[in-house]
Amino acid sequence: MTGWWSKSWPVMAWYATVAVGLIFTIAPFMWAVAGSFKDNPQIFSEVSPFSLMAFVPGTDPSAYFAIFQNNFGRAVANTVFVSVISLAAGIIVNSLAGFAFARFAFPGDRILFAFVLLTFAVPPEAIAIPLFSMMRQIGWFDSFWALIIPGIANGLVIFLYRQFFAGIPKELIEAARVDGLSWWHIYWTICMPLAKPVTIGAGLLLFVFQWESFLWPLIAAPSPELHLIQVALARFATEFSVIWNQQFAASTIAGVLPLIFIFLFQRQFVSALTGVDLK
Amino acid sequence: MIRKSLSIATLAFAAMSPAHAQESDDLSLLVGIWAVEPLTPWVEQFTEETGIGVEIQSFPFRDLLQTIEVRGSAKADDVGAIFVDAPLVPSYAVRGLIQPMAKYLEGADLEEIWAPATVDAGSWDGMMWAPPLNNSSQVLYYNRELLRAAEIQDPSSEESGRITWEELVENAKKITDSEQGIWGMVFDQISRYYQLQALPESAGGGSGVSDDGLSVEGMLTNDGWMKATQFYYDLFNTWNIAPKGIAPGQTAELFAAGKVGYFVGGHWNVSAFQEAGIDFGMALHPYFEGGTPVTGTNSWHIGIWGHTNRADEAAQLVKFLTASPEVALDYTEKHGQLPAHTAALLNIDISPKYNNMPKAGMKLATYEAANSAVTRARTPAFLEFEEIVNNSFEDIRNGGDPATVMGEAEQRIQSAMRRYR
């Protein structure tokens, strides 16, 4: 018995730590899901004093009906549209850029790549004002173009593709060239199929980036018919208060779709970011 | 494959890209989302009368301020008029985000149109910049059931019986039952200057900013502010009669759930408390014994956008929405906010509709607005001032030493004000 314990306690301690971490991570989401089926006073009466009933869903689905009467469905559709287009266009643009950085030597390529890496460090808020001015000048303000185009090029995704393409053996590429394949064919028929895990990880990054973006959609597309999901979420607050159950209902919906994608492609996503298991 | 994907994307763009936004000649009006419903019919009437099209763009409170900052920095000229939070009038005026309304109101007796305090709030540097759309006031709500259980008398709604903070604290101690999650008192706008300014003002500490709006030296650490911030500290850390870890917007829900004895809050909560079915009453706002009764006030104003080249048309819109008695009466009725227009204030005074709850609460709020309201600090650095003061109140609520916290706040604000001197 003592032997079992002495061998197992580190594992048990690790599980206990993970379980505690999991509770702290999941509890707010569970509270929001449960609260989305309750009225507002009930939500707060169960946390003062704290009761485990706060995590038990109520039986009133009216908040879900109410949010869809407030244009939330349109915001969900818009966000799916913007995220999917950004994902598709982003994979093509960023993988081509990564391929170019990995396979071609040209004057200033290192400096240019350093600039791409620098874009990681620039928060979107920092470029919001010049980008806003640019969108107005080219006539894209308050349109889907303003929502999609700035989100396509992504420094992290270019970096991921570049690292992957640089790791493909030169001999393979040279053999393809000797066989008469164009660079486009090498990129499309040899490199991209090999880069499937990176593509899945990059796709998730691009999708989640658009799904979660708030400030830019808020200022670039103020028309209600262009609202994205995070902008719509903020609108469940009135002048002095928040309609908590509706905000919880909308947050639940906003959280579920990316979660599904992440659960489905979790392994590839982690591999793409850590570089493990790609080769 | 790529060609097919691109075709689908192109079709999708063609179907969903709106072309209207860039082609519209409408004057944009940036408002809070709460104002869309009550203002839309009047904006439509304005268009009918003047032929000037107006597009309403609405945002939640914080996002509206952020949008104004971004569009101002980009010098966007596609906005006509904007909602202006009253204490930001000096800041927007100094930074060119709004244009003066004075020349469009020449000859008018402003204090005949709007309540004097709201005229002050919309003015800066001796002229009107943004006329008021509505006003706000603070009152004291109490849970009759909890007060009865603790054998405490209802607070008075008469000036002679106005409750003091000292009395309220003693009563709140009797009401608080931490095991049951019952709290003695809570503020509506917890840790926000808008509401808590009343504490140092009542203790004789002033607004926290010098008369010229450009200094806070010695203003946040004077005796009045120290008394007020120590009181705020004690509520949460010594007497433990008010809850920590709860944000503005959640406190009203706590009162509505029957968990709070006294709720110091805005008059706008009446309908929500009635809907929640709680047995509550309303009284005059508390004050410090030996001090003066003071309440928070001001609300939304409308100003001409600083970068618009259609200022004359925007001014017509601003005048129509703020100075018409019909709009003021209707906005008060639909939005339930305290009016700034004298015609609507008079209506509250004489109309029998305001004798019964929930509208009766408006009479109490009108009384406070007329007798105890003080405008928030007048400074072009209000955004910086408010953020630092709000954070300081929150630090004190979480156990920070009031003298240290306010001393640091004073230094930071003083430094932030340099750019405006």
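This report describes contacts within and between two chains of a predicted model. Local features need pLDDT of at least 70, side-chain atom pairs count only at pLDDT 80 or more, and totals for chains, interfaces and linings use all residues. Residues are numbered from 1 along each chain as its sequence is written, and chains are lettered from A and ligands numbered from 1 in the order in which they are written.

Chain B has domain 1 (22–135 + 298–366) and domain 2 (138–296 + 381–420), with bounds from an automatic or database domain assignment. Over C-alpha atoms, their centres are 28 Å apart. In domain 1 of chain B, 14 residues are in contact with 12 residues of domain 2 of chain B; contact means that C-beta atoms, placed from the backbone, lie within 7 Å. On the domain 1 side, α18 (360–371) and α5 (89–94) of chain B each give two or more residues, and α18(B) gives the most, with 4 residues. Helices are DSSP runs (H or I, at least four residues) numbered from the N terminus.

Between the chains, 36 residues of chain B are in contact with 36 residues of chain A. Helices α1 (2–16), α2 (20–23), α4 (61–73) and α13 (251–256) of chain B each supply at least two residues of the chain B side.

In chain A, the axes of α3 (residues 62–69) and α14 (residues 244–264) come within 8 Å and cross at roughly 80°. These helices are therefore roughly perpendicular (65 to 115 degrees). Axes are lines fitted to C-alpha atoms over the stretch in contact, and angles run from 0 to 180 degrees between N-to-C directions.

The table gives residue classes.

| α3(A) with α14(A) | 6 nonpolar residues | 2 polar residues | no charged residues |

Ala, Val, Leu, Ile, Met, Phe, Trp, Tyr, Cys and Pro count as nonpolar, Asp, Glu, Lys and Arg as charged, and the others, Gly among them, as polar.

Conventions: Two residues are in contact if their C-beta atoms, placed from the backbone, lie within 7 Å. Angles under 35 degrees count as roughly parallel, over 145 as roughly antiparallel, 65 to 115 as roughly perpendicular and the rest as oblique.
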